[in-house]
Amino acid sequence: PVVSQQAAPAASSKPSCKPVVFVPVDRSPEIQEARLKLPILAEEQVIMEAINENPIVVICGETGSGKTTQVPQFLYEAGYTSSNGIIGITEPRRVAAVSMSQRVAKEMNLSHRVVSYQIRYEGNVTDETQIKFMTDGVLLKEVQKDFLLLKYKVIIIDEAHERSMYTDILIGLLSRIVPLREKKGLPLKLIIMSATLRVEDFTENTRLFAVTPPVLQVDARQFPVTVHFNKKTPLDDYSGECFRKVCKIHRMLPSGDDDDRKESVEEMRKFKKSRRRKKATVLPQINLDNYAVVPMDEGDEDREAESDDDIAGSDVDLDLGDGDSEEEEKSDSSLPLYVLPLYSLLAPEKQAKVFRPPPPGTRLCVVATNVAETSLTIPGIKYVVDCGKVKKRFYDKITGVSSFRVTWISQASANQRAGRAGRTEPGHCYRLYSSAVFMDFEKFSAPEITKRPVEDLILQMKALNIEKVINFPFPTPPPAEALAAAEELLIALGALKEPPVTGRPAVSEEETVKLKGKKGRLVQMQRIWAGQGSFQKLGDLMVMLGAVGACEYSGCTPKFCEENGLRYKAMLEIRRLRGQLTTAVNSVCTDAGVYVDPKMKPPTEAQATYLRQIVLAGLGDHLARRVQAEELLDDKWKNAYKTALLDDPVFIHPSSVLFKQLPEFVVYQEIVETTKLYMKDRVSWQLPAVEVDYPEGIDRFKYFAKFLLEGKVIEKLGSYSQCLLSNPLIMLKT
Ligand code: ADP
Ligand code: MG
């Protein structure tokens with residue numbers, strides 16, 4: 001069961017540094033019984049010996065084997081928290097941090113005051129906290145304040161296989177922190193936990209760890225999962241196929257089980273629609289009340305997919321066959337299906353529903369994004385429908401073009417998804433793609449750090465006071481040339497001038513201001529917020545400022561947000577973020593004549609001009625010029641813009657207030673490819689372009705360079721220009 005790649009030293013060979021205290025835990029008999037079924041329980045002694053003897057240990061085990069819930073308990077019982085220092089566990093996803101802390105508290109019969117969580121702006125940590133679940137971003141922030149992380153005795157980096165950017169940075173940092181703590185005589189234990197087995201990036205990376213850490217492998221799945229592949233080539237309408245598959249499973253396969261599917265939020269919408277259509281015939285009592293429709297979140301959602309089945313495993317009885325669907329729809333299902341969504345932006349109360357038994361006489365169907373792939377184990381899932389797709393953000397480092405694309409998952413992901421079906425009894429996974437397609441999947445998906453804009457990464461690192469980013473021990477380093485180029489760009493923009501950008505908060509997926517609601521109302525509010533006359537030149541930025549300002553003025557109530565198509569949660573986060581930035585900017589920029597008004601009144605005309613200059617200065621290479629009539633090459637250039645970086649026509653996005661105005665020059669934050677190339681902001685604000693002016697007689701494409709040389713604005717703002725560009729929600733007084 002537990003195999004050590006490099007034999008951990010035998011416990012007897014040298015004096016153990018195991019803490020002597022044993023801390024009793026009072027678990028309920030049911031919990032105790034359930035725990036004993038987890039494979040990891042059998043390995044407690046081996047795991048604890050390895051941890052006692054080694055500063056860094058890697059634990060690999062399939063999802064559901066008990067790593068996240070049990071390892072912190074092993075450490076607690078072994079006395080790791082009883083002398084100065086707590087156990088910290090990082091999760092790449094907020095959902096996991098919250099729900100795992102609740103689960104562990106429940107298993108240990110301890111209150112949330114002791115087993116707590118901290119995610120950005122939210123948490124229940126107290127002075128009594130001994131086990132703290134948090135997002136990797138939260139721990140990264142803590143490193144900024146206390147580089148040695150002295151309050152922790154143990155750090156567990158969970159879900160390391162996901163290879164989130166923050167996780168990778170943390171592992172690099174901890175590879176240096178652990179020896180430093182050792183030197184100080186205050187040893188810190190680092191445990192890296194991973195669901196899949198690709199750990200060579202951590203263990204065989206000589207820049208990372210001086211001594212290769214032992215790798216403990218925990219055997220995993222309790223019950224076999226039969227995998228059914230499709231015969232047919234997958235179709236485009238995987239959402240529809242998914243729906244049909246679920247209906248089939250529900251009609252034909254034994255009841256009393258659950259069914260788990262993974263989709264993007266967008267697909268949830270379609271799924272919901274198709275469900276409505278079929279409600280009367282197939283699924284008579286579906287509960288749609290909780291089936292929320294929300295904007296896309298972080299872009300790592302999953303989806304589902306295609307058509308009919310074929311059998312790869314042995315359990316022929318459960319093959320669903322290729323029946324005539326018309327006829328099948330007439331057959332009745334005995335139980336109503338209770339459908340719940342699960343995705344990371346869903347309110348915690350609603351997320352918690354999937355862990356509770358469905359109403360009596362119903363069968364649970366969870367429509368989930370990637371969160372259900374590894375982070376959360378929903379009890380009792382027997383059938384998994386896997387579309388084999390994932391929606392990912394692609395970023396072209398050369399052109400700066402970002403696009404969301406639906407692509408095939410990796411083999412590792414497919415196996416994770418299948419594994420979700422065998423938690424409590426033998427299960428089935430219906431892959432809506434053929435085995436030939438599966439064989440073509442990549443084995444693992446690439447680490448996030450290799451896919452994100454390098455500038456973001458550099459700013460993150462500089463915020464940690466890491467000067468030589470090129471020398472940083474990343475588990476998988478981005479290309480050195482890309483790092484150097486990004487650094488140059490940031491210096492040119494003034495974002496990296498002394499002092500380092502300490503005030504810039506981590507960009508989180510929930511900063512988003514999204515306008516929703518009825519289209520007419522939305523357009524009306526856009527128009528009001530966009531202002532009149534020269535204010536309109538601030539384009540979507542003005543809309544954004546107007547929205548935030550109006551919301552503040554109204555006291556930021558849920559009612560105001562609801563009526564005006566704003567997401568309440570997002571507005572609260574913006575308010576907190578502004579508070580943070582206001583303090584930072586005020587404390588540094590007092591001499592520079594910059595004053596930040598936390599109340600955020602509407603800008604004056606001069607301020608609006610100033611803001612446009614800032615945006616132009618910061619995004620000078622993201623300048624676009626409208627193609628003039630005499631330059632029209634062909635029809636595809638109609639209403640198009642030309643940029644310095646691309647040969648293809650780009651367009652103002654229809655959601656922009658500048659869409660109809662078509663100003664001669666605009667700057668955009670990024671280009672997103674959907675049906676066309678559209679200029680947009682970062683995905684974190686939905687709204688794109690700002691109109692800019694140019695003095696006559698200057699080479700307009702080079703204007704921004706001149707502006708930068710003059711450097712008036714940037715000089716005043718120093719390193720905070722980047723804050724403002726990312727978060728243009730504060731006002732400046734000239
Ligand atoms: P791993 O981290 O190895 O994927 P976990 O520790 O997350 O495994 O889960 C171990 C087991 O704990 C799961 O198989 C599941 O049965 C149970 N479990 C986890 N969270 C919950 C919960 N919120 N409610 C009920 N059972 C849970
Ligand atoms: Mg886990």
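Helices here are DSSP runs of H or I with at least four residues, strands are E runs of at least two, and both are numbered from the N terminus. What you have open is a predicted model, where local features need pLDDT of at least 70, side-chain atom pairs count only at pLDDT 80 or more, and totals for chains, interfaces and linings use all residues. Residues are numbered from 1 along each chain as its sequence is written, with chains lettered from A and ligands numbered from 1 in the order in which they are written.

Start with the whole chain. You'll find 23 helices and 24 strands.

Then move to α5 (residues 136-145) and α6 (residues 165-183), which pack at about 40° with axes 9 Å apart. The axes are lines fitted to C-alpha atoms over the stretch in contact, and angles run from 0 to 180 degrees between N-to-C directions. That angle makes α5 oblique to α6, since under 35 degrees is roughly parallel, over 145 roughly antiparallel, 65 to 115 roughly perpendicular and the rest oblique.

To see the contact (C-beta atoms, placed from the backbone, within 7 Å), show Asp136, Gly137, Leu139, Leu140 and Val143 in α5 against Tyr166, Thr167, Ile169, Leu170 and Leu173 in α6.

Notes
Two residues are in contact if their C-beta atoms, placed from the backbone, lie within 7 Å.
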